Structure formats: C-alpha cells, structure tokens
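Open the structure in your viewer and keep the selection tool at hand. We will go stop by stop.

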Amino acid sequence: MSNSFLTPNQQKAKKKNFLILGALALLIVITFVISMNTGVIKLTPMEVIRTLFGQGDTQQQLILFEFRLPRIVLAVLVGMSLAISGAILQGISKNALADPGILGINAGAGLAVMLYISFFPSTKSAPVYLLPVLAFVGSGITAILIYTLSYRRHEGISPMRLILTGIAVAAGISSAMIVLTLRLTPENYQFVATWLAGSIWGSSWRFVLSLLPWLLILLPFVYSKSRVLNVLNLGEITAVGLGASIERERRWLLAASVGLAGASVSVSGGIGFVGLIAPHLARQLVGAKHQFLLPTAALLGGLLVLMADTIGRSILEPSEIPAGIVVAVLGAPYFLYLLTRLKE
C-alpha cells in the first residue's frame, strides 16, 4: 500500500516497524562479530578484520573461514527457518503454542536423519545434500499423521487437540529413536546424542549450501502468502467470505513450514522453542500483520540461535553446550508462561 493512502498513525507504525527491523539486523551484526571472536583460539577484533580482508596468516584464515564463519552463518539460517516455520504453524492453526518442536515435526525429521545415519558406518559418509530431503520426508510424514489424527470432519482442527496429538506423536518418535541408538557405533552414538540436544554440528560451507536452496525457495514463497495468513487469522467464515481457499492454502503453507523445519533439523539437530518464542516476540513488537511479522520473526530467530550458539561455545571453554540446551533454558519458562496466560 502506498504511503499516500496511509493515515498518519499507520505511517508512524510502519516507520516504527522498519526501525525495529533495522535494530534487529544491527544486533545480529554485533552478535556476528562477537561470535567470530569467540572460541578456544582467540582472535582479536583487528585480527578478525585483517583476516576478513585476506591479510591474516594461514591459521587465522583456517579458523575464521573454515570453522567459525560457516557455523555462524548456519546458526542464523537455522534460526530464521525455525522462526518462520513456527509463525506459519501459529497462523494456519490459530494456536498460540504451535511450534515445529512441540508439535513433533522436528522429531519426525530427526527420526529420518537418524535412520539414515544408523545404517552408515560414519556420519562423514552421508551425502550432505541428501539430509535435508530425508528430513523433509520424515517431518512431512509426521505432519500428515498429526494433521489426520487432529482433524474432525465437522469440527476441523482444534488447537488443543493439535497440541496434544503433536506431543503424543513426538513422544512415540522419541521412543523409537531411543531404540535405534542400540544399533549405533560409539562414534555415531556420541554424534547422535549431541545432535539430539540441538548442536550446530554441520560447521562447514557444504552444510550451508545444503540448507540455502530451501530458504531461497521457501522464504519468498511464504512471504508472498502474508495476506493469506492475515485472512486466515480472521477466522474460517470470514476467510471463505473473502474468497480464500482455506484447505488448499493451509496445505501449501504447512508444506512450506515442514520443509523449513526439516531442512533446519538436518543440519542443527533438535533445537526447540525458537518457532514458539520468535513469532510471539515479533507479534508484540510489530503487531499481527504478517508483512512485518514474518521478517521480524526471522531476524529474532536468527539472533536467538546465534546468541545461544555463541554462549554455548564460550561459557564452558574448551567444552561446548549445545545451542538447543541454551535455547531450552529460555524457552521452557516462556512456554509455561504462555500456558498460564492461555488458562486465564
């Protein structure tokens, strides 16, 4: 909509939203710089700058370009994907607690990846670019199962039934994964244990490139559906009256959400709560219109995972705390807070 058709209050709100987006982008850049200086081998800010411009020594270039930068970029991309996935699920289900982790979609993706890893002697032998596809298949089958079990012919999808079904399916998948660990080698068991905790394990440019195509295709598609998500939030009767094909739009958006969550889980493991926290915070900052909600949630998700990974790498050096555990420390209390508000 052109600014000439906006009221002064709308123009003020739009300007405020752009300022919020700019502030979040700046926070990501600041955290990005801090993360590049975080690790067992310390690099001063000047060494980082010199290395970025090709003036560092061989060791500094190896540390920065082959280890830290891929991991930092991956953390941001994973956070963005999970946040957008959660925003979609909350939008199409009108459920404030919808999240790919809570609903079991992450668990389905994890099961597919774990099945693949358990039949390979080493995780290094797994074709990197196949992992997001396998994760998408696993998360897709799980989403269809949850959707089918939650659907009632004359009632549609009940938000509470969706949550309870997702939790039950996730519990069943987790049990299957525990059984699968019995056939893993010690090397792969250690990898799976770390991966399940939500570690940014794919710290190489190959993993960034395996995730990037999914984002380049799905993020613009989801943003193009911003108006559809706005209409769906008005309720089914209103949406139908405005000409929206509810079930078709829901299926496409659900597929996009599953694709984003599955691709992210394939390279980061089970990082939960990002898809829950980021959309909620974004809604408080910029309101419910998805034209601003989606990019704000994406930036918040990227910032949250990057901060969690940076804290996890620095707090107990030389050991690491998986980013998923750091996020859970923040996310679990927030989830309980939302539950209490819903009861009220």
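Select residues 105–118, which form helix 4 in this predicted model. Check its length. At 1.5 Å a residue, its 14 residues should span 20 Å. The end C-alpha atoms are 20 Å apart, so the two values agree.

How many of the 14 residues of helix 4 are buried? The count is 12, so the helix is mostly covered, buried being under 20% relative accessible area. Among the buried residues are Ile105, Asn106, Gly108, Val113, Met114 and Tyr116.

Stay in helix 4 and pick Ala107. Is Ala107 buried or exposed? Its relative accessible area is 15%, so Ala107 is buried. Show its surroundings next. Leaving out residues up to four places away in sequence, Ala107 touches Ala170, Ile173 and Met177. Then draw a distance from Ala107 to Ser174. The two are 67 residues apart in sequence, yet their C-alpha atoms are 6.9 Å apart in space.

Next stop: the core. Select Leu74, Ile88, Ile92, Leu211, Ile271 and Val274. These have the most contacts inside the largest nonpolar core, a set of 98 residues. Which helix gives the most to this core? Colour residues 58–93: helix 3 contributes 17 residues, the most of any.

Last, the aromatic rings. The model holds three aromatic pairs. Show Phe18 and Phe292. Their ring centres are 5.3 Å apart and their planes stand at 80 degrees. Planes over 60 degrees apart count as edge-to-face, so this pair is edge-to-face. Phe18 sits in helix 1 (residues 8–36) and Phe292 in helix 13 (residues 290–314). The pair links distant parts of the chain, 274 residues apart.

Move on to Phe136 and Trp214. Here the ring centres are 5.6 Å apart and the planes are at 50 degrees, so the pair is tilted. Phe136 belongs to helix 5 (residues 131–150) and Trp214 to helix 8 (residues 205–224). The pair therefore ties together parts that are 78 residues apart in sequence. Finish with the surface on: Phe136 is partly exposed at 30% relative accessibility, and Trp214 is buried at 19%.

Definitions and conventions. Residues are numbered from 1 along each chain as its sequence is written. This is a predicted model: local features need pLDDT of at least 70, side-chain atom pairs count only at pLDDT 80 or more; totals for chains, interfaces and linings use all residues. Side-chain values use heavy atoms; hydrogens and water are left out. A nonpolar core is a set of buried Ala, Val, Leu, Ile, Met, Phe, Trp, Tyr and Cys residues joined through side-chain atoms within 4.5 Å. Buried means under 20% relative accessible area, exposed over 50%, partly exposed in between (1.4 Å probe, protein chains only). Helices (H or I, at least four residues) and strands (E, at least two) are DSSP runs, numbered from the N terminus. The expected span of a helix is 1.5 Å times one less than its number of residues. Contact means heavy atoms within 4.5 Å. Rings of Phe, Tyr and Trp (its six-membered ring) pair if their centres lie within 6.5 Å; planes under 30 degrees apart count as stacked, over 60 as edge-to-face and the rest as tilted.
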